Amino acid sequence: MALNGIVENINIDWYPDRNSQMPIYEQIVKYVCRKVSSGEWTVGMKMPSQRELAHKWGVNRSTVVTAMDELASYGIIECGYGGGTRIAGNTWSVLMSEQGADWNRYIRAGEFQANLSTIQIINKLEFDDYIRLGTGEPDPKLFPSEMMKDIMVELSGNMISLNYLEPLGLRKLREVLSVRLEKEGIYAPPSCILITSGSLQALQLISICMLKRGSTVFAEAPSYLKSLQIFQSAGMNIEGIPMDEEGIRYEAIAKHIKGFSRKDYDHMLYTIPTFQNPTGILMSEMRREELFSFCQDYRLPVIEDSAYSQIWFDRKPPLSLKARDRNGMVLYLGTLSKSLAPGLRIGWIVGPESVVQRLGDVKMQIDYGASSLSQLVAARFLETGMYDEYLTEYRVEMKKRRDNALKAMEKYMSGKAEWRQPEGGFYIWTTLKGNVSTDQLFRKALSQNILLNPGNIYDFASNKALRISYAYEDPENFEKGIKTVSELI
Ligand code: PMP
């Protein structure tokens, strides 16, 4: 994939078959054509040199040259001047598609927008050998494997089925969540909780079930929501609302709503009050009160995303907006992804019963429910108290990582950037000083095997920020990565 001006090198994990009747050069031609026509190799990607290929495959260089000449004559590759051999076009696949389906046309036809190209690159490279300085996932080394093993062993002993579950999700899981939420001041009977496949799915369900095309979703600027295409793909606008140190400056929403004449369309507010992604800002008690009464006055429904609310360091965050909600104004999203395991794909949405029923009905049509196994595991993990035990240790470890990260930042980044000390969550929002392009830095960091999350992907206007995460890399790797980034700057 050649995205955002970054040339990606092709890795070849194939060898010609020496026992085949087909000449080797022809096998090479067929192999490359297959890769290009399937879309795995796209225009601009760079192939290894002919010398490297001959060496790798144990064939004469002339065999490779013959194959490459043939591919070049089809217009599939281009042998550049000093730039090596690149994929130049997929004319061959277009020719072939006359006999089959024109998949390219169909691919372009879908309503759902593609990911931002920077995110596509990040998603792809995360599984290679990179230091991940922006990743919003816990370090796998923190995974409570012994506890998980105990749960799995216990479950396997009395598992009676893995059938579909009821539309709102495993009753036991909703019951334990209901008890936990009550301790946080949220009244949520199991009938008002829907289990989702991660909170991402909760957002997806809201976008397709609850808002018309043309409606507006307000969100903090910058916001995690802006990095997704969920609402945009469903035809909604996302409007960025500025923040200060206390959280979203909600007054700005009033202007938009008042100036909005198209009465047919609705609005919603999406907010991450606790350790916001990407800024790490914790909304103050006062701002929460004011924001909540503002939303009530304007009858503006709220999606409150609490993904990071369990990951506090020195003191518990103020009560959620949902805890203040007596009229069902707030749809509250939770997840186990940030505080336990993103791969479980367990999230939940709390809201008025009518809303939850509607979303649950659509969810049944989409996937018949989140994995039954994951729901059983999550319910036991919460019910046995293991989750709380784990969370206590996890917070201590994350705080250590935050402290180490801040030390490393102080050592290598002072004078080059400014940042905010987070009181919880995963992120240090770091704004670069001077004339540095974060896109260029992203590319240069890639060449040093470092993955960064440029702040632009979360923002409504271009910025000079990086979302730095201390959650994924251990302190040693983090420092190594930051030192290199500092040198690159
Ligand atoms: N909300 C926020 C604020 C997030 O940061 C993320 C993950 N990056 C999600 C929701 C989605 O997480 P999941 O679907 O894994 O619950």
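Let's start with the shell around the ligand: by class, six of its residues are nonpolar, five are polar and three are charged. Please keep in mind that this is a predicted model.

Who comes nearest? The shell has 14 residues, and the ones that come nearest to the ligand are Asp305, Tyr308, Thr335, Ser337 and Arg345.

Now zoom in on some polar atoms. Thr335 has a polar side-chain atom 2.6 Å from an oxygen atom of the ligand. Asn277 also uses a polar side-chain atom, and here the distance to a ligand oxygen is 2.8 Å. Ser199 is a backbone case: one of its backbone N or O atoms lies 2.8 Å from an oxygen atom of the ligand. How much of the ligand does the protein bury? On its own, the ligand exposes 400 Å², and the protein buries 92% of that.

Let's step back and ask where the ligand sits. The space it takes is the largest pocket, and that pocket holds about 960 Å³ of space. There are 40 residues in the lining, with Asn123, Leu200, Tyr224, Leu228 and Lys338 nearest the centre of the pocket. Helix 9 turns up again here, with the largest share of the lining, five residues. Helix 6, residues 117-125, and helix 10, residues 224-227, are also among the helices that each supply at least two lining residues. By class, the pocket lining has 17 nonpolar, 17 polar and six charged residues.

Rolling a probe the size of a water molecule over the atoms shows where empty space is left. How many cavities of 30 Å³ or more does a search of the whole structure find? The count is two.

The largest cavity has a volume of about 150 Å³. It is lined by 14 residues, and closest to its centre are Glu184, Ser306, Ser309, Gln310 and Trp348. Helix 8, residues 171-183, and strand 12, residues 330-335, are the elements that give two or more residues to this lining. Its residues divide into six nonpolar, six polar and two charged.

The second largest cavity has a volume of about 50 Å³. Of its 13 lining residues, Leu165, Tyr368, Gly369, Ala370 and Gln375 lie nearest the centre. In this lining, seven residues are nonpolar, four are polar and two are charged.

Methods
Residues numbered from 1 in each chain as written. Predicted model: local features only at pLDDT ≥ 70, side-chain atom pairs only at ≥ 80, totals over all residues. Heavy atoms only, no water. Near = heavy atom within 4 Å. Polar contact = N/O pair within 3.5 Å; in protein donor to acceptor, adjacent residues only side chain to side chain. Areas by Shrake-Rupley, 256 points an atom, 1.4 Å probe, with all protein chains shown as cover. 1 Å grid on protein atoms, 1.4 Å probe; cavity = no way out; pocket = protein on both sides within 12 Å on 5 of 7 lines; lining within 4 Å. Sits in = over half its atoms within 2 Å of the grid points. Nonpolar A, V, L, I, M, F, W, Y, C, P; charged D, E, K, R; others polar. Points joined across faces, edges and corners; volume = space filled by probe spheres on them. Helix = DSSP H or I, 4+ residues; strand = E, 2+ residues; numbered from the N terminus.
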